[in-house]
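Please view the sequence and the structure below before reading on.

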Amino acid sequence: MKLGEISPYSKEQQLGKKIKKSKDFSPKVKKQIFERDQWRCVRCGSYYLERVPHHIIYKSDGGTGEKRNGASVCISCHRLAHRKDEIRRWFEKWRDKYLDHNGDLL
C-alpha cells in the first residue's frame, strides 16, 4: 500500500486486535431494555424488577451488554434462570420469538 491510499481495514484489523464488546449493560441500554419490556418481568409480568436486566446469554458464555441480550426480570425469575436450564432456554426462545436483531420488539 502506498502512502496516502485508504486501507479497507479498520485500525484494529490492521493491528490484528480483536474488537472487544462490553459485557455489561450501559445505563442507556438498561433504560432501553426496561422501556421495551414496559417495566415488567418478561416471564411473569411482575413490576418488582431486578435493578439490572438478565443477560440471556451469560457474560461467562460470551454474552454482551447489547439490548438484544437483555430482558427485564423479577428476582424470582432471575434466580430460576440461573438455576434451571429450562428457564434459561425459555429466555432464549423469548428473545428469538419477540426481538429483532437490534433488540426491539417485532
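## Helix H3

In this predicted model, helix H3 has three residues that count as buried, Cys77, His78 and Ala81. Viewed along the axis of H3, these buried residues lie within an arc of 100°, so they line one face of the helix. The cover over the buried residues of H3 includes strand S1 (54–55) and helix H4.

## The largest nonpolar core

Nonpolar side chains in soluble globular proteins tend to be buried together. In this chain, the largest nonpolar core comprises 12 residues: Cys41, Val42, Ile56, Ala71, Val73, Cys74, Cys77, Ala81, Ile87, Phe91, Trp94 and Leu99. Two elements, helix H3 (75–83) and helix H4 (85–98), each give two or more residues to this core. The most comes from H4, which gives 3 residues.

Ala71 is one of the core residues. Leaving aside residues up to four places away in sequence, Ala71 is in contact with Ile33, Arg36, Asp37, Val42, Pro53, His54, Ile56, Phe91 and Trp94.

## The chain as a whole

The secondary structure consists of 4 helices and 2 strands. Starting at the N terminus, the order of the elements is α-α-β-β-α-α.

The chain has 106 residues, of which 33% are buried. Of the contacts between residues at least 6 apart in sequence, 62% link residues at least 24 apart.

Notes
Residues numbered from 1 in each chain as written. Predicted model: local features only at pLDDT ≥ 70, side-chain atom pairs only at ≥ 80, totals over all residues. Heavy atoms only, no water. Buried < 20%, exposed > 50% of the residue type's maximum accessible area, 1.4 Å probe, protein only. Contact = heavy atoms within 4.5 Å. Core = buried A, V, L, I, M, F, W, Y, C linked by side-chain atoms within 4.5 Å. Arc of directions from axis to C-beta.
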